[in-house]
Amino acid sequence: MQFYKFLAPVMLGAVIGLTACDNGTSSDPVNPPSDPNQGINPDPVNSNPVVPDPVYTPTVTPALGTGANILYPANMYVSWKAGHFVTIEDESVYYAAIVPEFYEGVFLNSSFLPTGRVKWSVQASNSFYGPKCSVSETTVTTMKFRGCSVSEGTGYGMLISYFAGDFDTFNRLWNYSRAFRAYHNLKLTPWITKSFHYEEVDNSSATDADLDIATALILASYKMSSEGNAALSQAYLADALTIVGAIWDKEVNKSNFLLYSGDTEMWTMGDPAYNLSYFSPVALRLFALVDKSHDWTTVLNNMYAYMINVQAAGTGVFPDWSNGLGLPVNPDNGSADRTYWTFNKESVRIPWRIAWDYYWYGSVDANPALVLNTLNNFIVARSAGDPNSTALNTNYSANLAVGQDIVGSTVQNHWYGAWCLTGIAANPTWLNACTDGFNAKVLQNSPSSYFLDILQMMMSQLLNGAYVKPIGIP
């Protein structure tokens, strides 16, 4: 999600590019702990959730690239985790002076231990979030300005660790979300938090993160159910249902059943600015599976109809932000003044989300293939079918009447992966060549590469076959 919360443009002033999507070495695969319930006291909100039916429903998944290799994301995961994930135990060493505040505040309740967080990118000391996201430990220069986490990173981290089979990390991230929600009496995770600390940064929500956290919990619930761990399955599902209900109440526009970008008036009043990279069709399908109280199928169908209309009305790519008519619009947060009409730092996530839907549900829904094929036709025409073309360097305009393309100097790894995924529905030649190229890339693992690396990690899991449905999900 972007740095788009309650801050008015005047507050942002000259701050440029405030966004959770900051831009900023392999080893053996992780062996997950034998007991996924280790250290967890679920404390479910709903004590009577519907336990998923662990009956296996076979599905047909499309072919991946010929170079797909499950060991590639498994090894990358070790590198990603070392660079971007930190436990409360380790951070207690970094920030020794404030350790008591960790355990006397948000994590006073030991039910939320053990815990860990995904570190956000380093923030410049003179930026808006620099002072809010730093910790006054001058001896820890490499960590000082990575003191914040964003809910987007928690959701991504839960999905990544789930598909990596690392339930210790999964549960630590779940506890991080649960603890901050409990401490602030919220059902949706605050979009930005400071370390393991009680100091509030911004407690408003980000819809993409809420969808991903709930999705990860539903997947984990089915997996635990199929493995006979009913207690943990129920705990995951109970929390997921609490989040899902809050998403319906606060982040669904009841006038058109489109997803708002967050829960504050900035995103829910007037003609809202919609962000199609927040649309997770797999999430909505899973919500419809476990929550019969709300009409998630209509949200899914309306979001796809809106998405396809946006593509058809423009050049074929997506703007980062669009209004109710599907036209590019500049959101009221100052984060996208110079980019909002282009396929840019927000929209880069769309191919991953839609390719995931195609991989699991393309045989029963034509919409994901339609979206992906339009994108793939677009880039193939500009690159002459070569995924290593410099054509991939450009952030293309969704509407040339609003603004022109923005030409870059190089293609970043997460963009390479995004364009690769557009070929999964109908262009095996593109997908094969692109997968080979993508699997030759390594993470940056720099203090400013949080967003690039976390997307590369997720895309590598999807492109290389780690996205396996748990037993029981049709």
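1. Cys420 and Cys434 form a disulfide in this predicted model. The sulfur atoms sit 2.0 Å apart. The link is left-handed, with -85° about the S-S bond. It connects distant parts of the chain: Cys420 belongs to helix α14 (residues 413-421) and Cys434 to helix α15 (residues 428-438), 14 residues apart. Cys420 is buried, at a relative accessible area of 0%. Cys434 is buried too, at 0%.

2. Cys133 and Cys148 make a disulfide as well, with 2.1 Å between their sulfur atoms. This link is left-handed, at -85° about the S-S bond. Cys133 has a relative accessible area of 1% and is buried, because the cut-off for buried is under 20%. Cys148 is likewise buried, at 1%.

3. How many disulfides are there in total? The count comes to two. With the bonded cysteines numbered in sequence order, the pairing reads 1-2, 3-4.

4. On the fold as a whole: the chain contains 16 helices and nine strands. Of its 474 residues, 61% are buried. The accessible surface is about 16700 Å². Carbon and sulfur atoms account for 53% of that surface.

5. Helix α8 covers residues 230-251, 22 residues in all. From first C-alpha to last, α8 reaches 30 Å. That is close to the 32 Å expected at 1.5 Å a residue. Is α8 mostly covered or mostly open? Mostly covered: 17 of its 22 residues are buried.

6. The largest cavity holds about 50 Å³ of space. Which residues line the largest cavity? They are Val310, Ala313, Gly314, Val317, Pro319, Gly326, Leu327, Pro328, Ala398 and Asn399. By class, that lining has seven nonpolar and three polar residues, and no charged ones.

7. The second largest cavity holds about 40 Å³. Its lining consists of Leu259, Tyr260, Ser261, Tyr274, Asn275, Leu276, Tyr278, Phe279 and Met303. What is the class make-up of this lining? Seven residues are nonpolar, two are polar and none is charged.

Key. Residues are numbered from 1 along each chain as its sequence is written. This is a predicted model: local features need pLDDT of at least 70, side-chain atom pairs count only at pLDDT 80 or more; totals for chains, interfaces and linings use all residues. Side-chain values use heavy atoms; hydrogens and water are left out. On a 1 Å grid over the protein atoms alone, a cavity is a set of points where a 1.4 Å probe fits but cannot get out, and a pocket is an open set with protein on both sides within 12 Å along at least five of seven lines; lining residues have an atom within 4 Å of a point. Grid points are joined across faces, edges and corners, and a volume is the space filled by probe spheres set on the points. Ala, Val, Leu, Ile, Met, Phe, Trp, Tyr, Cys and Pro count as nonpolar, Asp, Glu, Lys and Arg as charged, and the others, Gly among them, as polar. Helices (H or I, at least four residues) and strands (E, at least two) are DSSP runs, numbered from the N terminus. The expected span of a helix is 1.5 Å times one less than its number of residues. Buried means under 20% relative accessible area, exposed over 50%, partly exposed in between (1.4 Å probe, protein chains only). Accessible areas come from the Shrake-Rupley method with a 1.4 Å probe; for residues, only the protein chains shown count as cover. A disulfide is a pair of cysteine sulfur atoms within 2.5 Å.
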